[in-house]
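Have the structure open beside you as you read.

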There are 2 protein chains.
Amino acid sequence: MEKMNIVFLLFPNLTQLDFTGPLQVLSRLPGAQVSLAAKTMEPVPTDAVLTLNPTHDFQSCPGADLLCVPGGFGIDDAMQDEETIAFVRRQAEGARYVSSVCTGAFILGAAGLLQGKKATTHWAYHDELKRVGAEPVKARVVRDGNLFTGGGVTAGIDFAFTLMAEIAGEEHARAIQLGLEYDPAPPFDAGVPDKASPGVLESQRERYAPRVAAFREALGCALKQS
Amino acid sequence: MEKMNIVFLLFPNLTQLDFTGPLQVLSRLPGAQVSLAAKTMEPVPTDAVLTLNPTHDFQSCPGADLLCVPGGFGIDDAMQDEETIAFVRRQAEGARYVSSVCTGAFILGAAGLLQGKKATTHWAYHDELKRVGAEPVKARVVRDGNLFTGGGVTAGIDFAFTLMAEIAGEEHARAIQLGLEYDPAPPFDAGVPDKASPGVLESQRERYAPRVAAFREALGCALKQS
């Protein structure tokens, strides 16, 4: 069986489900060898209590066949970190597939990898994709050539099954889907702005507003650097 | 704001998404204080590369308002581990809510907590629920009083939103759902046996058969002990 080197980028304050959702699915790709790459080997804090232990630092990490970049509020710093961006650029060059979930798209963007590409990200950040030269597409999973981007957080699971079907075929994806019992049944139908009540949408826009403002500034700095 | 102590049980070779899905949602409960409790403070291996760092051992862990037990192939050993079962029993006694995802139900079962209760688990293990005195219900999330059980792996996300609505109200659950963009759109409709093709179902039943056989034996030993 051909080896499939999958590299996940870890950085402080990522949203853990952006990473753990795709990890659960993609680690079941045939021949999967998964590396969790961070700047150092220290445990990486996430947004949700959990800390993540890298398997490799940027120097020791093998070359990716599939590069996966999660998002989270930590992107503000990660986008501006030259070592992180250099690692992503280097890994993307040799990869068969380059991918992101949620606001991880902006780390790809800061590395210049979204220029002229169709892409998606978390709904609260969607318009900002233009600033990294991407063509924003409102969809849960967007493919443009060898680039796969997923929407916010939980979209990473749909994203991972889409990638799996592309890489290993639909039959394999369906088998893993059954193993992971992925037959979602949310108790409410309220997961995107179009389906949210006006009150909930406004409260979430308010919650995100200062975060998006900080992000805008961080992205400006990141783009000046590159 | 009232404090909500959430305790997740960690044990070797759990299925990481059984835990990380609910963690992502439930860590956004109002007043959430999350403890990740394991037998020792050593990193806990999972089924999917990732190792998990506990925040507490069984001795130092605070009492749970909400106890969450994930599943995975590691339950074969965890169900037979007296310290683990004693911890679960002790925590469940004082908890407002007791819960499991996937085959985590059998850890609750081995602790005697499913006697006479409606419950669910991963489809491949569903019939075994009778052996721990439960009434198996084929549903993605099952509630019986203060007991909430979720189906296989990804059901943990639907389970967590159901619990969140119960604890913090529907409006809060809907707001967090929007934040996590939980508007699932699997590329295939194949996540449960009823929807799987005969070929895929057979291959997965074959894959699970030796696992289920080992589990049956382990459960027998666990029940003899208790």
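**Notes for a first look**

1. Please keep in mind that this is a predicted model.

2. B:Y208 belongs to helix α7 of chain B, and its partner B:Y125 sits in the loop between β8 (118-119) and β9 (135-136) of chain B, 83 residues apart. Their rings form an edge-to-face pair, with 6.4 Å centre to centre and 90° between the planes. B:Y125 also counts as buried, at 5% relative accessibility.

3. Over all chains, the structure holds 18 aromatic pairs. In one of them, the ring centres of A:F58 and A:F87 are 4.3 Å apart and the planes lie at 10°, so this pair is stacked. A:F58 is in the loop between β5 (56-57) and β6 (66-69) of chain A, whereas A:F87 is in helix α3 (residues 82-94) of chain A, so the pair ties together parts 29 residues apart in sequence. Both A:F58 and A:F87 are buried.

4. Now for the helices where the chains meet. Helix α1 (residues 16-26) of chain A packs against helix α1 (residues 16-26) of chain B at an angle of about 155°, with axes 10 Å apart. That angle makes α1(A) roughly antiparallel to α1(B). The contact of α1(A) with α1(B) has 4 nonpolar, 8 polar and no charged residues.

5. Finally, look at helix α6 (residues 170-179) of chain A, whose buried residues include A:I176 and A:L178. The cover over the buried residues of α6(A) includes α7 (198-225) of chain B.

Key:
Residues are numbered from 1 along each chain as its sequence is written. Chains are lettered from A and ligands numbered from 1 in the order in which they are written. This is a predicted model: local features need pLDDT of at least 70, side-chain atom pairs count only at pLDDT 80 or more; totals for chains, interfaces and linings use all residues. Side-chain values use heavy atoms; hydrogens and water are left out. Axes are lines fitted to C-alpha atoms, for helices over the stretch in contact, and angles run from 0 to 180 degrees between N-to-C directions. Helices (H or I, at least four residues) and strands (E, at least two) are DSSP runs, numbered from the N terminus. Angles under 35 degrees count as roughly parallel, over 145 as roughly antiparallel, 65 to 115 as roughly perpendicular and the rest as oblique. Ala, Val, Leu, Ile, Met, Phe, Trp, Tyr, Cys and Pro count as nonpolar, Asp, Glu, Lys and Arg as charged, and the others, Gly among them, as polar. Buried means under 20% relative accessible area, exposed over 50%, partly exposed in between (1.4 Å probe, protein chains only). Contact means heavy atoms within 4.5 Å. Rings of Phe, Tyr and Trp (its six-membered ring) pair if their centres lie within 6.5 Å; planes under 30 degrees apart count as stacked, over 60 as edge-to-face and the rest as tilted.
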